[in-house]
Amino acid sequence: MAASEENSALFPIFVLTLMALPLVPYTIVILFGAFKKKAAKINCQCSVCVRSGKYHKSIFKRISNFSTYSNLTLVLLWVVMAVLVYYIKHISTEVQIFEPFSILGLEHGASDSEIKKAYRRLSIQYHPDKNPDPEAHSYFVEYISKAYQALTDPISRENFEKYGHPDGRQGLQMGIALPQFLLNIDGASEGMLLLGIVGVCIILPLTISVIYLSRSSKYTGNYVMHSTLAAYYHLMKPSLAPSKVMDVFIKASEFMDIPVRRTDEEPLQRLFVLVRSELNLDLKNIRQEQAKFWKQHPALVKTELLLQAQLTRETAALSPTLQRDFRRVLELAPRLLEELMKMAIIPRPPVGHGWLRPAIGVVELSQSVVQAVPLSARKAAGGSSEGYAPFLQLPHFSEAVVKKIARKKVRTFQDFRDMTPDEREDLLTQVAGFSNSESHDVEMVLKMMPSVTIDITCETEGEEGLQGGDIVTMHAWVTLNRGNGLIRALPHCPYFPFDKEENFWLLLADSFSNDVWLSQKVSFMDESTAIIAVSKTIQESKEGSGASAREINVAVKEAIEKVKNGSRLVMGKFQAPAEGNYNLSSFCLCDSWIGCDAKSNIKLKVMKRSRAGTRGGLTADETPAMEDGIEEDEEEEEDDYDDYESEYSEDEEDTKETKSKGAVANGSTHNKGSGSSSDESGSEAD
């Protein structure tokens, strides 16, 4: 009995140990990550964002942010551990060693007469005939009687003095840390216990695993349904116009799963009237167009109307149930737009290139959704290739304000950004009628907007000149700068109800053929990961070129310093095409800001592959006259070349801007580009 009680007392200690092993390290990691966060505020502090409540740090907001399933589970486990510690400290009994002399109140070596006197004295105090207390009876039987017997029996006393126990040498005693009710089972209890163990240890985990696998099999690693990716892949077309990207985007299975209720019909009808001008309906046959629109699948109609409510900022017309569906659509939008972008730039046979036109359309749709700007506002107007859409992402701006400042020859967003703060303040207060606080909000957002520059080098490693079939390596340094000095920041988007990180897509593309040769997503949010990646890349590159250890260390330090200053290294490889001159463009597209995209032109010259395998020289059948002919053809291509632009961004200055191009030297193409999608720049390097 004593052994079973001792084993039962060990069970809470066993459970406490199992809980503490994973819980303590996990909690330390969580707390370390919380304290490691930078104190600098990376979200916009303008009055519009403050009033939106998205970043409001009230006690209710803090509780709601803390009240996640993982945090609540963590707190619950710590409460259970605290209860176990209290139980172990106050409930568990201490194991007592059997000491006959101490029990009888004698010293070691006492005589037989002293032992008998002590026994009689304790018998008067604890004997059942003298003391009716059950605890006294138990103590007399378990301790006093056994101690007297151990000291009066010669063999027991000899064993005790020799081995420390009346029964002689004791073997190793082991216990099991299980509760007592599991050790005292018999009959039907054994069957119930067996069923319980099988159910908890086998059936329950198996059931959970089956449910998890059945659900997870529908999703990719980015938590997007496989059926959505299949639909996006087949619906994506190389000639897909940006205005038609919406029709592909709403075909996601996640949107189809949002319930369509009868009570939603009337609010959706009212919403349709408000956003009808954005639905690309033919006004000449408006009745037929409206009937055709409502004949679509109800889930598609609902999703498109909810997205248009975001773009036109008409969310006040939504009912409470539609508000929940509206938030669900916007919560899924960034994830699905990223996958749609991947479907646009994924290499397709036979050449293995992606498509530029739909990729730009996806980015433009992402920008409009995040900033709540209608797609119609992106149409070229008033000398601006981007329309007045970039202005609408600024606080307190509207179409009427844009028209007012346009009278002062501020027709493009870049013109507005190039003004000095004092000039902007005078313009906004005197012409647009802004107050000083509203003008301050605009200035604050302009300082949050990123300015991106690109420095690209394309070369064949260890070779001179580019020949058809060579593997070309692209090194691109993408550098981000802000007026407020931040690198890691969240965009100003008060109408988007969730935190949205800035992401950039670097594309190396041929605008004329609509081909994307290389593509990669770039993020400036995680500096430590970027440092690790660039250190490894630079080290491998230098080791491959035979550089010394000192040169490698210097190159790695320089690269790390660049990353800390807001640059990210992007590398990629592609196979050089057939002989010819190629006018490529490098795009750095931001999915969160309008008018912050960078674009530059790159001129790539691919020579004919010689039979002898030599580079840089003419083959036997080549003459200088033919080389001159190549230059003439090159000039003709340059004159005929026309950069591709979005249907919303028809650049009127393409003929001027396409004159700025990179040059080919020793088989390497060096190019630096910066500015928005309407501004291009290139530099020649030897």
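Me: Which helix holds Leu-18, and is Leu-18 buried or exposed, or partly exposed?
Reply: In this predicted model, Leu-18 has a relative accessible area of 48%. Because buried means under 20% and exposed means over 50%, with partly exposed in between, Leu-18 counts as partly exposed. The element that holds Leu-18, spanning residues 2–36, is helix α1.

Me: Glu-278 is buried yet has no salt bridge, so how far away is the nearest side chain of opposite charge?
Reply: Glu-278 sits in the loop between α14 (265–275) and α15 (286–294). A salt bridge requires a side-chain nitrogen of Lys or Arg within 4 Å of a carboxyl oxygen of Asp or Glu, and Glu-278 has no such partner. The nearest side chain of opposite charge belongs to Lys-379, at 7.6 Å.

Me: With which side chain does the side chain of Glu-278 make a polar contact?
Reply: Leaving aside neighbours within four places in sequence, Glu-278 is in contact with Gln-308, Thr-312, Pro-374, Leu-375 and Ser-376. The polar contact, side chain to side chain at 2.6 Å, is made with Ser-376.

Me: Are Lys-302 and Asp-264 buried or exposed?
Reply: The relative accessible area is 1% for Lys-302 and 0% for Asp-264. Because buried means under 20% relative accessible area, Lys-302 and Asp-264 both count as buried.

Me: What separates Arg-270 and Glu-266 along helix α14?
Reply: The side chains of Arg-270 and Glu-266 meet in a salt bridge, at 3.3 Å from N to O. Arg-270 is partly exposed, with a relative accessible area of 42%, whereas Glu-266 is exposed at 57%. Because Arg-270 and Glu-266 are four residues apart in helix α14, what separates them is about one helical turn.

Me: Which residues do salt bridges that share partners join into one network?
Reply: Glu-338 forms a salt bridge with Lys-342, the closest N and O atoms being 3.7 Å apart. Salt bridges that share partners, on the other hand, join four residues into one network, namely Arg-261, Asp-264, Lys-302 and Asp-325.

Me: What is the omega of the cis peptide bond from Pro-349 to Pro-350?
Reply: Most peptide bonds are trans. The bond from Pro-349 to Pro-350 is cis, and Pro-350 is found in the loop between α17 and β1 (354–355). The omega of this bond is near 5°.

Me: What is the phi of Asn-514, which is not a glycine?
Reply: Most residues other than glycine have a negative phi. Asn-514, in the loop between β4 (504–510) and β5 (515–522), is buried with a relative accessible area of 15%. The phi of Asn-514 is positive, at about 65°.

Key
Residues are numbered from 1 along each chain as its sequence is written. This is a predicted model: local features need pLDDT of at least 70, side-chain atom pairs count only at pLDDT 80 or more; totals for chains, interfaces and linings use all residues. Side-chain values use heavy atoms; hydrogens and water are left out. Helices (H or I, at least four residues) and strands (E, at least two) are DSSP runs, numbered from the N terminus. Buried means under 20% relative accessible area, exposed over 50%, partly exposed in between (1.4 Å probe, protein chains only). Lys and Arg count as positive and Asp and Glu as negative; His and the chain ends are not counted. A polar contact is a pair of N or O atoms within 3.5 Å; within protein, one must be able to donate a hydrogen and the other to accept it, and residues adjacent in sequence count only if both atoms are side-chain atoms. Contact means heavy atoms within 4.5 Å.
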